[in-house]
Every structure is written in C-alpha cells, then in structure tokens.
Amino acid sequence: MLSPVPEEPLLLAELKPGRPHQFDWKSSCETWSVAFSPDGSWFAWSQGHCIVKLIPWPLEEQFIPKAFEAKSRSSKNDTKGRGSPKEKTLDCGQIVWGLAFSPWPSPPGRKLWARRHPQVPDVSCLILATGLNDGQIKIWEVQTGLLLLNLSGHQDVVRDLSFTPSGNLILVSASRDKTLRIWDLNKHGKQIQVLSGHLQWVYCCSISPDCSMLCSAAGEKSVFLWSMRSYTLIRKLEGHQSSVVSCDFSPDSALLVTASYDTSVIMWDPYTGERLRSLYHTQLSPAMDDTDVHISSLRSVCFSPEGLYLATVADDRLLRIWALEVKTPIAFAPMTNGLCCTFFPHGGVIATGTRDGHVQFWTAPRVLSSLKHLCRKALRSFLTTYQVLALPIPKKMKEFLTYRTLLAKEKI
C-alpha cells in the first residue's frame with residue numbers, strides 16, 4: 001500500500017571530506033560510489049582523494065528519525081557483540097570508483113581470511129571490495145580494516161563491482177577496458193571468467209537477487225544480460241537512444257531498470273526482454289538539442305528494498321523518487337552535482353554521492369506492502385516469467401505476477 005501523498009525527501013545529514021589532499025590530477029574528489037552493507041550495520045563512502053570511509057550505521061542519533069532508529073537498532077546491537085565498531089579510513093592509493101559489500105554473514109570466506117591472515121579473528125567476515133583507477137581491486141575486511149587481497153587483471157578503471165547475493169563470494173567487476181571479470185574470493189581471488197563483447201567502457205554491473213543473471217551497461221545504447229551459471233550472453237536489450245550508465249534488478253529479480261544519458265529510465269522484463277515502461281526526466285521532442293539532453297542526463301538508478309519505488313539522480317540537480325505504478329515522480333529533492341544513489345537496506349533512507357565528494361542522506365517513503373505485492377514478490381523470487389505464464393491461473397493474475405499491469409498502463 002503506497003503512501004497517498006509522499007512528502008518531499010528531507011535532508012537528514014551531510015558528510016563532507018576533511019581538508020582536501022593536494023594531488024596533481026584535477027578530477028579526484030568525486031564520490032563515485034556509496035554503499036550500505038546488506039545488514040545495514042556499515043556505510044561505505046568513497047569520499048575522493050583515494051580515501052574510503054567505513055562508517056558504523058546508524059549515524060549520530062540526532063540526524064536519524066525515531067522510526068528509522070527503531071528499524072536500525074537490531075543491526076546496531078548485533079555489531080556490539082563483535083566489539084564496538086569504529087569508523088575506519090581505507091587509503092586505497094588510487095581514485096576509488098566502485099564499492100561493494102559482501103553479503104553478511106559470509107561463512108564460506110571465514111577459513112580463507114583466517115588462513116591468509118592469522119591475526120584476523122575466526123569469525124564470519126564482512127568484506128568490502130574497492131575498484132580503483134589503475135584497474136586494481138582491493139579487498140578489505142570491514143571489522144578490522146585489513147587489506148586482504150589485491151586482484152589484478154583489468155587494464156583500466158574498475159568502474160563498478162557486484163557480489164552474488166547468495167554469499168558464495170563470487171565478485172563481478174566492470175571496467176573501462178570494456179570487459180567484465182568474475183572472481184572467486186574463496187579461491188584466493190582467482191579470476192574465473194572474462195566477459196567480452198562491449199565496445200565501450202562498462203559503467204555498471206548488477207547481479208539479480210536470485211543469482212541467475214548479470215546485467216552490464218556500457219557507453220552504448222543497449223545493455224547486456226548474461227547468465228551467471230554459464231557466463232554466456234543471454235540477450236541484448238535495445239531501446240535507449242544514448243549511453244546507458246546505470247542498472248538495477250528488483251528485489252524479486254522480476255524487473256530490471258536501466259538509466260541512460262537520453263534522460264529516460266526503462267523497466268524491462270529480463271526474462272523475455274520486453275520493455276514494460278519508460279520514465280522520462282524531460283519531455284523529449286525532435287527540437288531538443290544536445291545541451292538539453294545533457295542537462296537531464298541520468299547518473300544513477302536504484303530500487304527500494306521492498307521493490308515498490310525507484311530513486312534516480314540526474315544532471316538537472318534533482319533526486320527523484322518514483323512509484324512503480326506511476327509515470328511521473330512522486331517526490332523531488334534538490335541536490336547539486338549528484339553522481340550515485342542507494343537505498344538503506346531496511347528502507348526509509350536514501351544515500352546520494354556528489355561530484356564534490358559529499359554524501360547526503362535523505363528520507364525515503366516508508367511503505368507497508370500490500371498482501372498482493374508480498375505474494376508476488378515471494379512467487380517471483382523463484383519463478384521465471386515463462387513459468388508464471390504456464391500456470392493454470394486467470395489471465396489478470398498472470399498480468400499482475402509478471403508486472404504486465406505496468407505495460408497496460410504504459411499504453412493508456
């Protein structure tokens with residue numbers, strides 16, 4: 001059940017870098033990536049100048065709404081059992097472009113870290129992967145801040161990273177060298193596959209929550225869908241008019257969203273390749289020139305944890321929140337030079353990173369999912385679109401379960 005009139009997102013807190021470091025390169029202060037750990041106990045911020053901050057969550061309580069504090073208390077208490085968490089600074093030595101937390105906990109990795117680093121306690125290990133400007137990937141243990149592994153293979157900037165949600169410590173990296181690489185951290189970071197086929201820089205990679213598919217977006221009009229079982233190309237999704245720069249799967253794996261410099265977000269059925277809905281940040285017209293397109297170019301898109309909302313960041317200095325069933329944004333927030341966005345895993349907060357190296361935390365709509373949506377989410381977590389269509393159930397039920405209701409509204 002959606003809130004009848006969602007309020008404009010409120011700025012809860014803003015984190016700013018300390019004194020800027022003096023480097024020769026001009027472009028080094030951006031926050032290209034922000035991430036919450038899956039259990040919500042840590043926040044990672046690439047604050048620019050080669051530095052990543054690991055911050056225990058929640059932040060200082062005066063910045064967080066009471067309802068959010070209650071939701072986060074369990075995560076906070078859990079961390080106390082492992083020792084009081086402290087903020088950590090990771091000096092990566094290169095500009096940091098991509099961040100990804102492993103699922104929590106990750107028992108398969110326990111023996112690996114203990115064997116390679118005897119000083120690390122023999123406990124389940126939350127890790128953070130950082131993608132760097134020189135093509136390296138550094139793997140860190142969050143609780144201690146220790147550097148565990150350094151993965152080499154990419155020939156250019158590692159722009160994005162994604163762990164399989166299953167917890168088997170398979171990591172996917174996307175790079176400006178036009179490839180994606182698959183790494184097995186249980187085998188000392190062994191590179192197990194290289195995915196080639198993109199003709200431009202790969203900006204983004206996203207693994208479906210059911211771990212069956214990988215989506216990659218490059219500086220091209222199409223996005224690639226790969227099988228996470230065979231590491232082969234399933235299909236290309238074509239429909240954007242300019243470079244696709246961001247992508248994300250819905251929590252039930254039934255939807256894929258892609259964001260492009262063409263000012264639009266497209267919702268796809270990843271199983272069939274069908275385009276279900278388009279969301280426009282400006283009204284496109286034949287008379288629109290390149291300057292107008294650039295003003296509203298998309299930078300980032302992400303699903304909310306329950307799968308009923310989207311957040312987008314564009315170059316027109318707005319954070320937008322969209323409800324799945326509505327064609328226009330339901331809420332806006334002014335922000336300057338936004339580059340990335342992500343939802344807190346328990347809902348209620350959106351974190352955004354900016355070109356100035358700042359992080360802003362915004363209130364996000366809280367929603368009590370309907371029983372219909374909860375049933376759909378549960379079913380779609382293990383049934384493909386084709387399996388749903390084969391069920392002996394009424395047509396309207398199939399349309400709801402396959403999100404074809406979005407397609408019907410698109411045509412109105």
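**Close-up views of a predicted model**

View 1. The whole structure holds 0 disulfides, a disulfide being a pair of cysteine sulfur atoms within 2.5 Å. Cys 205 is in none; the nearest cysteine sulfur belongs to Cys 204, 6.2 Å away. Cys 205 is buried, at 5% relative accessible area. Cys 375 is partly exposed, at 40%. Buried means under 20% relative accessible area, exposed over 50%, and partly exposed in between (1.4 Å probe, protein chains only).

This is a predicted model, where local features need pLDDT of at least 70, side-chain atom pairs count only at pLDDT 80 or more, and totals for chains, interfaces and linings use all residues. Residues are numbered from 1 along each chain as its sequence is written, and side-chain values use heavy atoms, leaving out hydrogens and water.

**View 2. The largest nonpolar core.** Such a core is a set of buried Ala, Val, Leu, Ile, Met, Phe, Trp, Tyr and Cys residues joined through side-chain atoms within 4.5 Å. β22 (298-303) is among the elements giving two or more residues. β22 gives the most, with 3. Strands are DSSP runs (E, at least two residues), and helices are runs of H or I, at least four, numbered from the N terminus.

View 3. pLDDT, the predictor's confidence in each residue, runs from 0 to 100. It stays under 50 over residues 118-123, with 7 contacts beyond four places in sequence. Residues 283-293 also stay under 50, with 8 such contacts. Contact means heavy atoms within 4.5 Å.
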